[in-house]
Amino acid sequence: MRAILSDLKQLKQKQELEFELIDVPNPLEQLTVHFFEKSSLASINVPVANMDHDDQFHIRVNPASFQFNRNGQSEFAWQIYLSFINADNQYMIQVESEFLSDRHQLSLTSYVQASADSMGMAILSVHTHQSDVAFTATAVNVTEDSLQINGHSIIDGHKLSDMKVLLKNTASDSQMEYPVGKGSLKGLFTAEVPLKDIPADSEQAIFIQYTYADQPIEQRIVLAKSLAGQNTEGQVSKEQVIMIDKSFDNGLLIRSYPAPTFGEKVATLPGKASDGLQMGQEFMSKLNLFRLRRLFRRGHQPFAQTTIIFESFGGRQVSDSPYAIYNLFKELYPGFNLIWSIDRDQKKFCRDNGIQYVIRRTSKWFEPWKRRSSGLVTRDSHHVRKPNYLTYIQTWHGTPLKKNWA
(Lines give C-alpha, C1' and ligand atoms only; values in the text may rest on other atoms or scores of the structure.)
Protein backbone atom coordinates (compact mmCIF):
# COMPACT_ATOMS: atom_id res chain seq x y z
CA MET A 1 0.00 0.00 0.00
CA ARG A 2 1.07 3.59 -0.65
CA ALA A 3 0.04 6.72 1.25
CA ILE A 4 0.25 10.19 -0.29
CA LEU A 5 -0.17 13.60 1.35
CA SER A 6 -2.46 15.31 -1.14
CA ASP A 7 -3.46 18.61 0.49
CA LEU A 8 -2.90 20.98 3.40
CA LYS A 9 -5.71 23.36 4.36
CA GLN A 10 -5.70 26.09 6.95
CA LEU A 11 -8.58 26.20 9.40
CA LYS A 12 -8.95 28.49 12.37
CA GLN A 13 -6.37 27.37 14.95
CA LYS A 14 -5.97 24.06 13.05
CA GLN A 15 -4.29 22.59 9.97
CA GLU A 16 -6.14 19.89 8.02
CA LEU A 17 -4.04 17.31 6.18
CA GLU A 18 -5.59 15.17 3.45
CA PHE A 19 -4.19 11.73 2.62
CA GLU A 20 -4.86 9.37 -0.30
CA LEU A 21 -4.29 5.60 -0.10
CA ILE A 22 -3.39 3.41 -3.09
CA ASP A 23 -3.63 -0.39 -3.31
CA VAL A 24 -5.42 -0.64 0.03
CA PRO A 25 -5.50 -4.11 1.62
CA ASN A 26 -8.69 -5.16 3.38
CA PRO A 27 -9.40 -5.17 6.22
CA LEU A 28 -7.50 -2.07 7.36
CA GLU A 29 -7.52 -1.44 11.12
CA GLN A 30 -6.04 0.94 13.70
CA LEU A 31 -4.90 3.50 11.14
CA THR A 32 -2.57 6.05 12.77
CA VAL A 33 -0.51 8.95 11.41
CA HIS A 34 2.93 9.36 12.99
CA PHE A 35 5.04 12.54 12.84
CA PHE A 36 8.80 12.33 13.55
CA GLU A 37 10.88 15.52 13.84
CA LYS A 38 14.22 14.94 12.10
CA SER A 39 16.45 17.01 14.39
CA SER A 40 15.01 16.51 17.88
CA LEU A 41 13.58 13.00 17.22
CA ALA A 42 10.31 14.10 18.85
CA SER A 43 7.16 12.22 17.81
CA ILE A 44 3.42 12.92 17.59
CA ASN A 45 0.76 10.27 16.92
CA VAL A 46 -2.70 11.05 15.53
CA PRO A 47 -5.29 8.21 15.24
CA VAL A 48 -7.51 8.25 12.16
CA ALA A 49 -11.14 8.25 13.21
CA ASN A 50 -12.90 7.73 9.86
CA MET A 51 -12.11 7.00 6.24
CA ASP A 52 -13.59 9.22 3.55
CA HIS A 53 -14.80 7.91 0.22
CA ASP A 54 -12.31 6.71 -2.41
CA ASP A 55 -9.70 5.63 0.17
CA GLN A 56 -9.07 9.14 1.45
CA PHE A 57 -8.99 10.49 4.98
CA HIS A 58 -8.38 13.77 6.80
CA ILE A 59 -6.79 14.62 10.12
CA ARG A 60 -6.67 17.95 11.94
CA VAL A 61 -3.68 18.99 13.98
CA ASN A 62 -2.80 21.97 16.14
CA PRO A 63 0.42 23.48 14.74
CA ALA A 64 1.34 24.70 18.22
CA SER A 65 2.09 21.06 19.06
CA PHE A 66 4.69 20.91 16.27
CA GLN A 67 6.98 23.59 17.74
CA PHE A 68 8.75 23.71 21.09
CA ASN A 69 11.70 25.26 22.90
CA ARG A 70 14.84 23.23 22.30
CA ASN A 71 18.25 24.89 22.21
CA GLY A 72 16.92 27.80 20.20
CA GLN A 73 15.56 25.56 17.42
CA SER A 74 13.36 27.59 15.07
CA GLU A 75 12.77 25.18 12.18
CA PHE A 76 11.01 21.84 12.62
CA ALA A 77 10.89 19.26 9.82
CA TRP A 78 8.39 16.48 10.52
CA GLN A 79 8.53 13.27 8.51
CA ILE A 80 5.15 11.53 8.18
CA TYR A 81 4.46 7.80 8.51
CA LEU A 82 1.29 5.72 8.50
CA SER A 83 0.78 2.58 10.58
CA PHE A 84 -2.02 0.03 10.32
CA ILE A 85 -2.96 -3.56 11.09
CA ASN A 86 -3.91 -6.01 8.34
CA ALA A 87 -4.58 -9.68 8.93
CA ASP A 88 -3.18 -9.39 12.49
CA ASN A 89 0.12 -7.98 11.17
CA GLN A 90 1.42 -4.51 12.06
CA TYR A 91 2.74 -2.35 9.19
CA MET A 92 4.29 1.12 8.92
CA ILE A 93 4.94 3.00 5.67
CA GLN A 94 6.36 6.44 4.96
CA VAL A 95 3.95 8.95 3.42
CA GLU A 96 4.81 10.36 0.00
CA SER A 97 4.14 13.82 -1.39
CA GLU A 98 4.40 15.43 -4.80
CA PHE A 99 2.99 18.84 -3.98
CA LEU A 100 4.29 22.01 -2.35
CA SER A 101 1.79 24.08 -0.39
CA ASP A 102 1.83 27.82 0.08
CA ARG A 103 2.95 29.17 3.43
CA HIS A 104 0.17 29.09 5.99
CA GLN A 105 0.93 31.88 8.46
CA LEU A 106 0.49 30.80 12.07
CA SER A 107 1.42 34.23 13.39
CA LEU A 108 3.41 37.24 12.22
CA THR A 109 6.63 35.35 12.90
CA SER A 110 5.79 31.69 12.18
CA TYR A 111 4.35 29.60 9.37
CA VAL A 112 3.73 25.98 8.33
CA GLN A 113 4.29 24.44 4.91
CA ALA A 114 4.02 21.00 3.33
CA SER A 115 6.69 19.83 0.89
CA ALA A 116 8.64 16.76 -0.22
CA ASP A 117 12.25 15.73 0.34
CA SER A 118 14.63 14.60 -2.43
CA MET A 119 13.09 11.12 -2.34
CA GLY A 120 9.52 12.40 -2.73
CA MET A 121 8.58 11.78 0.90
CA ALA A 122 6.27 14.18 2.74
CA ILE A 123 7.67 16.82 5.09
CA LEU A 124 5.55 19.08 7.29
CA SER A 125 7.73 22.10 8.09
CA VAL A 126 7.10 24.60 10.88
CA HIS A 127 9.20 27.76 10.94
CA THR A 128 9.23 30.02 13.99
CA HIS A 129 11.07 33.22 15.02
CA GLN A 130 10.85 34.57 11.49
CA SER A 131 11.30 38.26 10.78
CA ASP A 132 8.17 40.28 11.47
CA VAL A 133 9.18 42.95 8.96
CA ALA A 134 8.44 40.86 5.84
CA PHE A 135 5.14 39.83 4.23
CA THR A 136 5.36 37.06 1.61
CA ALA A 137 3.37 37.63 -1.60
CA THR A 138 2.20 34.71 -3.75
CA ALA A 139 2.58 36.50 -7.08
CA VAL A 140 3.58 39.88 -8.51
CA ASN A 141 3.18 40.75 -12.18
CA VAL A 142 3.27 43.65 -14.61
CA THR A 143 0.13 43.65 -16.78
CA GLU A 144 -0.63 45.88 -19.74
CA ASP A 145 -1.38 48.92 -17.61
CA SER A 146 -0.80 48.01 -13.95
CA LEU A 147 1.37 46.28 -11.38
CA GLN A 148 -0.62 43.42 -9.82
CA ILE A 149 0.19 41.94 -6.41
CA ASN A 150 -1.46 38.80 -4.98
CA GLY A 151 -1.16 37.35 -1.48
CA HIS A 152 -2.94 35.78 1.46
CA SER A 153 -5.43 37.88 3.43
CA ILE A 154 -5.68 35.45 6.38
CA ILE A 155 -3.26 34.69 9.22
CA ASP A 156 -4.06 31.73 11.47
CA GLY A 157 -7.69 31.84 10.39
CA HIS A 158 -8.03 35.57 11.15
CA LYS A 159 -8.95 37.83 8.25
CA LEU A 160 -6.74 40.88 7.79
CA SER A 161 -8.52 44.23 7.61
CA ASP A 162 -7.75 47.79 6.45
CA MET A 163 -5.30 46.41 3.88
CA LYS A 164 -3.42 48.73 1.54
CA VAL A 165 -0.27 48.54 -0.57
CA LEU A 166 2.40 51.24 -0.32
CA LEU A 167 5.08 52.18 -2.84
CA LYS A 168 7.97 53.96 -1.13
CA ASN A 169 10.57 55.82 -3.16
CA THR A 170 14.01 54.54 -2.09
CA ALA A 171 15.65 57.91 -2.85
CA SER A 172 13.15 60.15 -1.03
CA ASP A 173 10.45 60.15 1.63
CA SER A 174 7.57 60.09 -0.85
CA GLN A 175 5.10 57.22 -0.95
CA MET A 176 1.90 56.21 -2.75
CA GLU A 177 -1.02 54.21 -1.32
CA TYR A 178 -3.37 51.81 -3.12
CA PRO A 179 -6.41 49.84 -1.88
CA VAL A 180 -6.53 46.06 -1.69
CA GLY A 181 -9.43 44.02 -3.08
CA LYS A 182 -10.57 40.40 -2.92
CA GLY A 183 -8.70 37.88 -5.04
CA SER A 184 -10.22 35.27 -7.34
CA LEU A 185 -9.81 32.59 -4.65
CA LYS A 186 -10.98 32.62 -1.03
CA GLY A 187 -8.33 33.90 1.34
CA LEU A 188 -6.38 35.79 -1.33
CA PHE A 189 -6.15 39.51 -2.03
CA THR A 190 -5.30 41.47 -5.17
CA ALA A 191 -3.86 44.97 -5.37
CA GLU A 192 -3.30 46.94 -8.57
CA VAL A 193 -0.98 49.92 -9.05
CA PRO A 194 -1.42 51.90 -12.31
CA LEU A 195 1.90 51.94 -14.18
CA LYS A 196 1.36 55.58 -15.14
CA ASP A 197 1.62 56.50 -11.43
CA ILE A 198 5.24 55.27 -11.17
CA PRO A 199 7.65 58.19 -11.64
CA ALA A 200 10.26 57.99 -14.39
CA ASP A 201 13.83 57.06 -13.41
CA SER A 202 12.79 55.90 -9.94
CA GLU A 203 13.02 52.88 -7.63
CA GLN A 204 10.09 51.94 -5.40
CA ALA A 205 10.05 49.43 -2.53
CA ILE A 206 6.70 47.69 -1.97
CA PHE A 207 5.10 47.58 1.50
CA ILE A 208 1.76 46.46 2.89
CA GLN A 209 -0.32 47.82 5.76
CA TYR A 210 -3.13 45.99 7.56
CA THR A 211 -4.73 45.39 10.93
CA TYR A 212 -4.17 42.03 12.66
CA ALA A 213 -5.51 41.21 16.13
CA ASP A 214 -6.41 44.90 16.57
CA GLN A 215 -2.80 45.90 15.89
CA PRO A 216 -1.73 48.08 12.93
CA ILE A 217 1.03 46.32 10.98
CA GLU A 218 3.37 47.54 8.25
CA GLN A 219 5.71 45.10 6.46
CA ARG A 220 7.82 45.01 3.37
CA ILE A 221 6.48 42.68 0.68
CA VAL A 222 8.90 39.92 -0.31
CA LEU A 223 8.74 37.03 -2.79
CA ALA A 224 10.52 33.98 -1.40
CA LYS A 225 10.31 32.06 -4.69
CA SER A 226 11.97 32.86 -7.98
CA LEU A 227 10.59 35.53 -10.32
CA ALA A 228 10.36 32.83 -13.01
CA GLY A 229 6.79 32.59 -14.22
CA GLN A 230 6.03 36.18 -13.23
CA ASN A 231 5.67 38.88 -15.89
CA THR A 232 8.36 41.27 -14.69
CA GLU A 233 8.55 43.94 -17.39
CA GLY A 234 6.20 46.37 -19.11
CA GLN A 235 6.35 49.55 -21.15
CA VAL A 236 4.40 52.53 -19.79
CA SER A 237 5.08 54.84 -22.74
CA LYS A 238 7.56 55.37 -25.54
CA GLU A 239 9.92 56.85 -22.98
CA GLN A 240 9.44 54.61 -19.90
CA VAL A 241 9.90 50.91 -19.06
CA ILE A 242 8.87 49.30 -15.74
CA MET A 243 10.70 46.26 -14.30
CA ILE A 244 10.20 44.12 -11.17
CA ASP A 245 13.38 43.14 -9.34
CA LYS A 246 14.38 41.58 -6.01
CA SER A 247 16.82 42.90 -3.46
CA PHE A 248 19.38 40.67 -1.71
CA ASP A 249 16.82 39.95 1.06
CA ASN A 250 14.00 39.04 -1.41
CA GLY A 251 12.33 42.44 -1.04
CA LEU A 252 10.41 43.50 -4.15
CA LEU A 253 11.52 46.59 -6.04
CA ILE A 254 9.83 48.42 -8.90
CA ARG A 255 12.34 50.13 -11.14
CA SER A 256 11.55 52.62 -13.89
CA TYR A 257 13.99 53.00 -16.80
CA PRO A 258 14.13 55.04 -20.00
CA ALA A 259 12.73 53.02 -22.91
CA PRO A 260 15.23 51.69 -25.52
CA THR A 261 16.14 54.14 -28.26
CA PHE A 262 15.33 53.49 -31.90
CA GLY A 263 18.94 52.52 -32.56
CA GLU A 264 18.89 49.97 -29.72
CA LYS A 265 15.69 48.42 -31.09
CA VAL A 266 17.15 48.16 -34.61
CA ALA A 267 20.18 46.36 -33.23
CA THR A 268 17.96 43.45 -32.10
CA LEU A 269 16.18 42.97 -35.46
CA PRO A 270 18.69 40.60 -37.18
CA GLY A 271 18.27 37.97 -34.49
CA LYS A 272 14.47 38.20 -34.60
CA ALA A 273 14.46 37.95 -38.40
CA SER A 274 16.65 34.86 -38.23
CA ASP A 275 14.28 33.21 -35.74
CA GLY A 276 11.29 33.96 -37.96
CA LEU A 277 13.02 32.51 -41.05
CA GLN A 278 13.89 29.34 -39.18
CA MET A 279 10.27 28.86 -38.10
CA GLY A 280 9.09 29.48 -41.68
CA GLN A 281 11.32 26.67 -42.94
CA GLU A 282 9.67 24.05 -40.74
CA PHE A 283 8.57 21.11 -42.82
CA MET A 284 4.73 20.92 -43.10
CA SER A 285 3.29 17.47 -42.56
CA LYS A 286 0.37 15.76 -40.84
CA LEU A 287 0.60 14.67 -37.23
CA ASN A 288 0.92 10.97 -36.47
CA LEU A 289 1.68 9.05 -33.30
CA PHE A 290 4.88 7.56 -34.67
CA ARG A 291 6.51 10.97 -35.07
CA LEU A 292 5.24 12.18 -31.70
CA ARG A 293 6.74 9.13 -29.97
CA ARG A 294 10.09 9.82 -31.68
CA LEU A 295 10.01 13.43 -30.52
CA PHE A 296 9.43 12.33 -26.93
CA ARG A 297 12.34 9.87 -27.04
CA ARG A 298 14.83 12.39 -28.39
CA GLY A 299 16.48 15.19 -26.45
CA HIS A 300 15.41 18.72 -27.33
CA GLN A 301 16.17 22.22 -26.17
CA PRO A 302 13.62 23.66 -23.74
CA PHE A 303 11.67 26.86 -24.34
CA ALA A 304 13.24 30.04 -22.97
CA GLN A 305 10.24 30.32 -20.65
CA THR A 306 8.13 27.68 -18.91
CA THR A 307 5.63 26.33 -21.46
CA ILE A 308 2.45 24.38 -20.65
CA ILE A 309 0.11 22.78 -23.20
CA PHE A 310 -3.64 22.57 -22.55
CA GLU A 311 -6.12 20.29 -24.30
CA SER A 312 -9.76 19.37 -23.70
CA PHE A 313 -11.95 16.80 -25.45
CA GLY A 314 -9.22 16.04 -28.00
CA GLY A 315 -8.99 19.68 -29.05
CA ARG A 316 -12.72 19.96 -29.82
CA GLN A 317 -13.32 22.37 -26.92
CA VAL A 318 -11.60 24.99 -24.77
CA SER A 319 -13.43 24.03 -21.60
CA ASP A 320 -13.71 21.86 -18.52
CA SER A 321 -11.03 21.56 -15.81
CA PRO A 322 -8.08 22.39 -18.11
CA TYR A 323 -9.74 25.73 -18.91
CA ALA A 324 -10.20 26.49 -15.19
CA ILE A 325 -6.53 25.66 -14.53
CA TYR A 326 -5.52 27.77 -17.55
CA ASN A 327 -7.40 30.83 -16.25
CA LEU A 328 -5.78 30.50 -12.82
CA PHE A 329 -2.27 30.10 -14.31
CA LYS A 330 -2.90 33.07 -16.59
CA GLU A 331 -3.69 35.23 -13.55
CA LEU A 332 -0.92 34.04 -11.24
CA TYR A 333 1.82 33.22 -13.79
CA PRO A 334 1.41 35.44 -16.86
CA GLY A 335 5.13 34.93 -17.54
CA PHE A 336 4.43 31.29 -18.44
CA ASN A 337 3.90 30.37 -22.08
CA LEU A 338 0.38 28.83 -22.12
CA ILE A 339 -0.64 27.12 -25.37
CA TRP A 340 -3.94 25.43 -26.28
CA SER A 341 -4.04 22.45 -28.64
CA ILE A 342 -7.28 22.86 -30.64
CA ASP A 343 -9.21 21.86 -33.74
CA ARG A 344 -9.71 24.56 -36.38
CA ASP A 345 -13.29 25.30 -35.38
CA GLN A 346 -12.03 26.65 -32.02
CA LYS A 347 -9.84 29.34 -33.65
CA LYS A 348 -12.47 32.09 -33.37
CA PHE A 349 -13.04 31.44 -29.66
CA CYS A 350 -9.31 31.57 -28.96
CA ARG A 351 -8.81 34.75 -30.97
CA ASP A 352 -11.79 36.47 -29.34
CA ASN A 353 -10.45 35.62 -25.88
CA GLY A 354 -6.76 36.28 -26.48
CA ILE A 355 -5.76 32.61 -26.13
CA GLN A 356 -2.52 31.38 -27.70
CA TYR A 357 -3.14 28.19 -29.69
CA VAL A 358 -1.81 25.66 -32.19
CA ILE A 359 -3.95 23.63 -34.60
CA ARG A 360 -3.81 19.89 -34.09
CA ARG A 361 -2.36 17.76 -36.87
CA THR A 362 -0.31 20.58 -38.40
CA SER A 363 3.48 20.95 -38.34
CA LYS A 364 3.20 23.92 -35.97
CA TRP A 365 1.52 21.57 -33.48
CA PHE A 366 4.85 19.70 -33.19
CA GLU A 367 6.67 22.79 -31.96
CA PRO A 368 5.52 22.71 -28.31
CA TRP A 369 6.47 19.02 -28.06
CA LYS A 370 9.75 19.35 -29.94
CA ARG A 371 10.81 22.36 -27.88
CA ARG A 372 10.36 20.38 -24.66
CA SER A 373 7.31 21.78 -22.93
CA SER A 374 7.31 21.61 -19.14
CA GLY A 375 3.71 20.49 -18.65
CA LEU A 376 0.56 19.08 -20.23
CA VAL A 377 -2.90 19.67 -18.74
CA THR A 378 -5.65 17.60 -20.33
CA ARG A 379 -8.87 15.76 -19.55
CA ASP A 380 -8.04 13.08 -22.16
CA SER A 381 -5.67 10.13 -22.19
CA HIS A 382 -2.60 9.98 -24.45
CA HIS A 383 -1.16 6.86 -26.02
CA VAL A 384 2.53 7.78 -25.98
CA ARG A 385 5.05 7.32 -23.20
CA LYS A 386 5.44 10.40 -21.01
CA PRO A 387 9.00 11.82 -21.11
CA ASN A 388 10.73 12.48 -17.79
CA TYR A 389 10.89 16.25 -18.33
CA LEU A 390 7.11 16.61 -18.80
CA THR A 391 4.68 17.11 -15.89
CA TYR A 392 1.36 15.53 -16.90
CA ILE A 393 -1.84 16.67 -15.17
CA GLN A 394 -4.82 14.44 -16.00
CA THR A 395 -8.18 16.00 -15.05
CA TRP A 396 -10.47 13.41 -16.60
CA HIS A 397 -13.20 12.40 -14.15
CA GLY A 398 -15.43 9.37 -14.22
CA THR A 399 -15.09 5.60 -14.16
CA PRO A 400 -11.40 4.96 -15.03
CA LEU A 401 -11.80 2.73 -18.08
CA LYS A 402 -9.56 4.74 -20.41
CA LYS A 403 -5.95 3.91 -21.10
CA ASN A 404 -3.44 6.31 -19.57
CA TRP A 405 0.15 7.02 -20.62
CA ALA A 406 1.64 3.86 -22.12
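**Ground rules.** I number residues from 1 along each chain as its sequence is written. The model is predicted, so local features need pLDDT of at least 70, side-chain atom pairs count only at pLDDT 80 or more, totals for chains, interfaces and linings use all residues, and side-chain values use heavy atoms, without hydrogens and water.

**Overall.** I found 6 helices and 29 strands (DSSP runs, H or I of at least four residues for helices and E of at least two for strands). Of the 406 residues, 43% are buried (under 20% relative accessible area with a 1.4 Å probe, protein chains only; exposed is over 50%, partly exposed in between).

**Ring pairs.** I looked up aromatic pairs and got 17 (Phe, Tyr or six-membered Trp rings with centres within 6.5 Å; planes under 30 degrees apart are stacked, over 60 edge-to-face, the rest tilted). Phe-68 and Trp-78 are edge-to-face, with 6.3 Å between centres and 90 degrees between planes. Phe-68 lies in the loop between strand S5 (56-61) and strand S6 (75-86) and Trp-78 in strand S6, so this pair ties together parts 10 residues apart in sequence. Trp-78 is buried at 1% relative accessible area, while Phe-68 is partly exposed at 27%.

I then checked Tyr-333 and Phe-336: their centres are 5.0 Å apart and their planes at 15 degrees, so the pair is stacked. Tyr-333 is partly exposed at 23%; Phe-336 is buried at 18%.

**Charges over rings.** The charged end of Lys-168 sits over Phe-207, 4.4 Å from the ring centre (NZ of Lys or CZ of Arg within 6 Å of the centre and within 35 degrees of the ring normal). Arg-379 lies over the face of Phe-313 at 3.9 Å from the ring centre.
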